[in-house]
Each structure stands twice: as structure tokens, then as C-alpha cells.
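Subject: Structure for you to look at

Hello,

Here is the structure I promised to pass on. Please have it open while you read the notes that follow it.

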Amino acid sequence: MSLDPTAQQLDEETPLLQENAPAKIPQTPLPWRQFSILLVLQIAEPMTSQVISPFAPQLIRDIGITHGDEALVSFYVGLLYSLFFATEALTIFHWSRLSDYIGRKPVLLTGLFGLSLSMFCFGLSKTFWSLVISRCLNGALNGNIGVMKSMTAEMTDSTNMARAWAFLPLAWSSGSTLGPLIGGELARPADRFPNIFGGSEFLKKYPYFLPCAVPATVSALTWIVVLVYLKETTTPQINISQLLPWKKRKIVIAPSPALESPPVSSSNGDKPVPFRDLFVRPVLIATGSYAGIALVDIAFRTIQPVFYATPISLGGLGLDSPAIGTILAAQGIVSGVIQLLAFAKLHDIMGAKKLWLFAVMCALPMVALFPAMNALARSSGVGQGVALTNCTNCAYGVSFMYITAASPNRASVGATNGLGQVIVSVMRAVGPAAVNTAFSISIERQYLGGNLVYCVMVGTVCMAMGRRLVTRTMWTN
């Protein structure tokens with residue numbers, strides 16, 4: 001990938017993918033056969049992560065770690081979320097960097113294996129520490145997020161990138177819809193469906209195994225699809241067998257053409273740049289904007305199911321797991337439709353920077369609805385959950401495109417996405433623990449009438465809005 005010599009510096013108000021050319025450039029068709037596999041992979045990822053959302057508060061109560069203290073439930077739920085992202089932050093850059101050398105496909109296969117294994121372990125967990133180990137295993141083996149973004153960039157160009165980023169959130173929202181539905185409907189199946197599962201002693205002993213087994217099985221089936229049908233999008237720099245110590249002496253001198261390293265060149269565009277060369281202003285600003293919106297999003301996502309499950313008298317809505325799952329599923333559907341129908345058009349109309357700021361600002365009215373819903377529930381005596389959705393996720397698409405364009409060259413796209421994902425994983429590790437701790441303190445000590453947590457969430461939105469997107473030129477094929 002090299003810089004287009006005719007490309008001109010873009011203004012922040014200019015749509016991200018607009019070319020300053022006299023004639024309109026025809027849009028390149030998306031490679032649907034391969035791109036559809038990425039969409040399937042995108043569905044499996046959020047399904048695995050979101051399936052625990054409806055029953056996580058009840059699971060924490062059941063294992064007895066809180067000893068009946070309702071104020072501690074949100075703290076331990078936030079800790080489970082944070083542990084995943086903390087371990088992911090320690091490993092995801094190395095997975096993304098590794099994909100620049102051995103190819104994207106081996107890393108994706110490893111990540112899918114980790115997702116499946118960790119979810120089976122999570123469903124079989126009976127203690128808090130076994131839950132912790134399962135979540136840490138999930139985060140440590142999951143390098144797929146950055147690699148999928150790299151593959152999307154390599155499958156597209158400047159004419160169809162916005163279209164691709166409009167479809168990816170739809171797939172992600174589909175997984176985010178199915179996950180809570182599965183978690184809410186299949187948790188404690190022996191109690192909810194006694195005629196079907198009432199005779200299963202296994203499901204009585206492990207009441208949360210079934211909702212965890214479904215996405216784990218989906219990840220296993222996706223592993224087979226990726227292995228058989230997905231094609232590599234980058235040229236591996238080394239043969240993967242060179243990384244195995246016991247096979248170093250068995251390497252064939254003339255490797256197969258598919259695994260040959262590209263010719264050595266003095267050009268910086270032919271190979272991944274050194275790690276220190278990633279710390280340049282465009283990359284840091286793009287990843288900073290991504291980290292900002294990720295912090296807002298994860299704070300919202302982790303506090304929402306806890307708020308729904310908390311008793312009305314303590315500041316929540318007192319809903320059960322099936323109701324929470326249905327609400328989160330409806331939210332995922334609406335978010336996906338908004339992304340598909342509105343993102344590309346809003347990008348063309350508003351430009352990248354204005355769309356990003358507008359999307360982040362949409363989080364403010366959503367935060368205000370939390371105390372409003374509790375006040376309504378207190379007056380009526382009945383908690384009524386609302387599927388809170390907005391245009392905030394549109395900011396992700398803008399950030400993804402900026403990070404891709406900020407990459408020093410095509411060979412470093414994986415490392416650039418990996419670096420961005422490390423910073424975002426740190427934010428996502430800090431966010432759940434911080435916001436759920438604030439929620440626990442709010443309802444336990446009634447700071448600001450129990451609304452301290454919402455002030456913290458408004459602060460995260462304001463901090464995200466302080467990020468500034470940078471002008472830059474586009475990479476072309």
C-alpha cells in the first residue's frame with residue numbers, strides 16, 4: 001500500500017472517503033464471498049461477550065461472593081468485564097503484530113478456539129475464581145478484533161470502505177442482539193422450562209451452562225468456516241513453522257509460493273515498520289478518539305444490565321434476566337438498523353469530525369434516562385425497561401477508518417490496529433470497574449441522591465469529546 005501521489009490534504013470537515021478528483025471515482029464492489037465470512041465472524045464475537053449480560057448479576061448472587069450485600073453485585077459484575085479487557089490489553093497487540101508476519105487467518109483461528117473454550121469453562125464455573133480464570137482466558141486468547149479490522153481494510157479501498165464499515169456494525173449488532181436473548185432465555189433452564197429440562201441434573205448443577213454453550217458452539221462452527229473458506233488477505237512474512245522450535249531444522253529451503261516472503265526492499269512500504277515508528281501523531285490521535293468512544297460505550301453497556309437488575313428501592317428497575325435479555329436484544333436490533341441505513345449517508349453529509357462529535361454527544365441524553373426511569377418506577381411501583389439506543393456507535397466507524405488511514409503502510413495495518421486495540425482494552429478494563437464501583441457507592445451511600453454514577457458517566461462523555469480527529473491523506477491500493 002502506498003500513498004496516492006495525487007492525494008491532497010483533507011480538511012476535518014471533508015467527508016473521510018471523498019477524493020478531490022475532477023471526475024467521480026467508480027465504487028469498487030465489495031468482495032462479498034470473503035466479506036460475508038468476516039460478517040459471520042463479527043456475529044460470533046459479540047454473541048460470546050454479550051450472552052452473560054442478562055444473567056451476570058444473578059450469577060454473582062448465586063455463587064455467594066457478595067454474602068447477600070446487593071450493593072456489591074455491580075462491583076463484581078464490573079470486575080468480570082474488566083478482567084477480560086485487562087488480559088486482552090496485555091496480548092492483543094502481540095496477536096495483531098503476529099498477524100502481520102504469519103498472516104491473519106492463523107490468528108483468527110486461535111482467537112475462535114479461545115472464545116469457544118473459555119465460554120464452555122465459564123458455563124461450568126461454580127466459584128468466583130473459576131469465573132475469573134475463564135474471563136482471563138477469553139481475553140488472553142482473543143486477538144480477533146484488531147485482525148478483523150485489518151482484514152476489512154485489506155479487502156476494501158477508499159471508494160467502498162464506508163460501505164463496509166456500515167455492514168460490520170450491523171453484524172456486530174446482530175450478535176449483540178442474539179447474545180442477550182440467548183442469555184436471558186436459556187439461563188436456569190431447569191427452572192424456566194421444567195417440562196423440557198427439569199429432569200436434567202447436569203443443568204440443575206450448572207444452571208448457566210446452556211446459554212454459554214450456545215455461543216461456544218457457534219464459535220466452534222465459525223472456526224470450521226474460517227479454516228475451510230476464508231482466504232488470506234496479506235502475504236505472510238515468514239512460514240508459521242519457523243516459530244516452532246522443534247521444527248526449525250526441518251524447514252524446506254524452497255517454501256511454497258503461497259508462503260514465500262516478499263522480496264526484500266529498502267522501501268518502507270514492503271514490510272512492517274518498527275514498533276517505535278507507530279508512535280506518530282496521526283496514529284496516537286486516531287487511537288485516542290477510538291479510546292474515548294470505547295470508554296463511553298463500555299461504561300454504558302456494563303451499567304445498563306446492572307441498573308435493570310437492581311431493585312427499584314436501590315435505584316434500579318428490578319427486572320429479571322429474560323426481561324433484561326429482551327430489552328438488550330431490541331436495543332441491538334435498532335442500533336444495527338441505524339448503522340446500516342444512516343452511517344454512510346451521515347458521513348457524506350456531515351463529514352468525519354462532525355459525525356464523530358455528534359455521535360459522542362448522543363450519549364448524554366441516554367445517561368439522563370437512567371435516573372428518569374428509576375423516578376418513574378418509584379412513582380408507579382413497576383419497573384419499565386426501555387431499549388436505550390442512539391447514534392453513538394457511528395463514532396466507531398469513523399475511528400476505525402482514521403486508524404486504518406493513519407497506518408504507516410499496508411504491511412503495518414495489523415500492528416496499528418493492534419496498538420489501537422491495546423489502548424482501547426485498557427479503557428475498557430478501567431471503565432467497567434470504575435463505573436460499577438461508582439454505582440455501588442451511589443446506592444450504598446446515596447451520594448447525590450444515588451446519582452453519583454451518572455455524573456461519572458457524563459464526565460466520560462465530556463472527556464471523549466475532548467479528543468480531536470486529525471487531518472490526513474488516504475492510503476490507496
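This is a predicted model. The notes begin with the surface and then turn to the charged pairs.

Nonpolar patch

Helix 11 supplies the largest share, with seven residues.

Salt bridges

How many salt bridges does a search of the whole structure find? The search finds seven. Three of them are described below.

Arg-188 and Asp-62 form one, and their closest N and O atoms are 2.8 Å apart. Arg-188 sits in the loop between helix 7 (161-186) and helix 8 (189-192), while Asp-62 belongs to helix 2 (residues 56-63), so this pair ties together parts that are 126 residues apart in sequence. Is Arg-188 buried, partly exposed or exposed? With a relative accessibility of 31%, Arg-188 counts as partly exposed. Asp-62 is also partly exposed, at 36%.

Another salt bridge is formed by the side chains of Arg-192 and Glu-185, with 3.2 Å from N to O. Arg-192 has 35% relative accessibility and therefore counts as partly exposed. Glu-185 is partly exposed too, its relative accessible area being 29%.

Glu-201 and Lys-204 also form a salt bridge, in which the closest N and O atoms lie 3.9 Å apart. That distance can be set against the cut-off, because a salt bridge requires a side-chain nitrogen of Lys or Arg within 4 Å of a carboxyl oxygen of Asp or Glu. Why are Glu-201 and Lys-204 separated by about one helical turn? The reason is that they are three residues apart in helix 10 (residues 201-205). Glu-201 counts as exposed, at 57% relative accessibility, whereas Lys-204, with a relative accessible area of 45%, is partly exposed. The limit that matters here is 50%, because exposed means over 50% relative accessible area.

Finally, some salt bridges share partners, and these join Asp-62, Arg-188 and Asp-191 into one network. Arg-188 and Asp-62 are the pair described above with closest N and O atoms 2.8 Å apart.

Regards

Methods. Residues are numbered from 1 along each chain as its sequence is written. This is a predicted model: local features need pLDDT of at least 70, side-chain atom pairs count only at pLDDT 80 or more; totals for chains, interfaces and linings use all residues. Side-chain values use heavy atoms; hydrogens and water are left out. Helices (H or I, at least four residues) and strands (E, at least two) are DSSP runs, numbered from the N terminus. Buried means under 20% relative accessible area, exposed over 50%, partly exposed in between (1.4 Å probe, protein chains only).
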